[in-house]
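Colleague: I would like to learn how to read a few features in this model. Could you take me through them one at a time?

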Amino acid sequence: MSALTVNNVRVAGLSACVPEKVEENLTLSIFENEEEAKKIIASTGIERKHVVDSGTTASDLTVVAVEKMIAELGWEKESIDLLVYVCQSRDYIAPMTSCILQDRLGLSKGCCVMDVPLGCCGFVNGMSIAASMLSHGGLKRGLMINAETNSTNRNKRDRTVRPLFADAATVTALEYEVEPGIIRKGNDMVVNGMDVFSFAIKVPPRALKECIAQYNINVDTIDLLLLHQANKFIDEKIRKSIKIPAEKCPYCLADYGNVTCASIPLTLVTQCKERLHNNANHILACGFGVGLQWGCMEFNIDNIVCTDVQIYKSK
């Protein structure tokens, strides 16, 4: 089991942006009738999703989320030393989208930027990368972005895919601080549903239990369990396997669908804003999915800035 401990980094804030357009699964024309649509909604837990209009990119959503986050934190753009952009639906083959964002956001030319093309466990791995780079103190402030426009690279006539995937961007603001930090371990898309289902009900529960055992985590002290959200039935099996109460496992799946790498931070912004503002939170998270990849993370969030979810309106 690979393991990584990162100290001296704190989560300073969270922000998210979703497109204005909402697609209701109940009325999708790909279903033969309303009964079929209701069965899909019941089995996945997804009632509706936010999807982009043609021409809108993941970086468009990202700019709105980042600008809101920086404004709420009161950070000067010159003070941002790092931008890690976790996304599989890049704007161009080249250059990297992180370079485009560096220019669009007006960050300094000395800011270190990079693309990380990861999917469902992108929040966990992205946090590991960004926090590790900040933990030495040479870089003081960083933005870890999770963004996808999943709806643009899925066949709109595929009833096994279209009801599931949606679009969003989130930004997690990180800051060097001498405090204990983060622990973790470790063109149209086609989904092999049964293989993914078999993987999801076996590997993530085992990985979470290994993480809990290795770091002697008292499960009773966990305030929030955050799981990648593709299917509520699967997530509930994982939650029950590690004996976390239902009230400690929030979901945004019904209204936002599967936004891959952005699902964990989007859940924090949309479901946990008040408690992030006002309380210390001991969090256990697990990302898993595309590529049969997974990662777990334990971290603490204490009285951070958490913005309202931003709505991107196409021009």
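Colleague: Is strand β7 mostly covered or uncovered?

Modeller: Strands are DSSP runs of E, at least two residues, numbered from the N terminus. Buried means under 20% relative accessible area, exposed over 50%, partly exposed in between (1.4 Å probe, protein chains only). Strand β7, residues 141-149, is mostly covered, with eight of its nine residues buried. This is a predicted model, where local features need pLDDT of at least 70, side-chain atom pairs count only at pLDDT 80 or more, and totals for chains, interfaces and linings use all residues. Residues are numbered from 1 along each chain as its sequence is written, and side-chain values use heavy atoms, leaving out hydrogens and water.

Colleague: How many bridges join β7 to strand β8?

Modeller: Two strands pair if DSSP finds at least two bridges between them. Nine join β7 to β8 (residues 167-176), and the two run antiparallel. There, threonine 149 has aspartate 167 in β8 as its bridge partner. Strand β5 (residues 82-86) runs parallel to β7, with five bridges. Tyrosine 85 partners isoleucine 145 in β7.

Colleague: Why does glutamate 298 count as buried?

Modeller: Because its relative accessibility is 11%. Glutamate 298 lies in strand β12, residues 293-302. Its side chain makes a polar contact with the side chain of histidine 282, at 2.6 Å. Such a contact is a pair of N or O atoms within 3.5 Å; within protein, one must be able to donate a hydrogen and the other to accept it, and residues adjacent in sequence count only if both atoms are side-chain atoms.

Definitions and conventions
Helix = DSSP H or I, 4+ residues; strand = E, 2+ residues; numbered from the N terminus.
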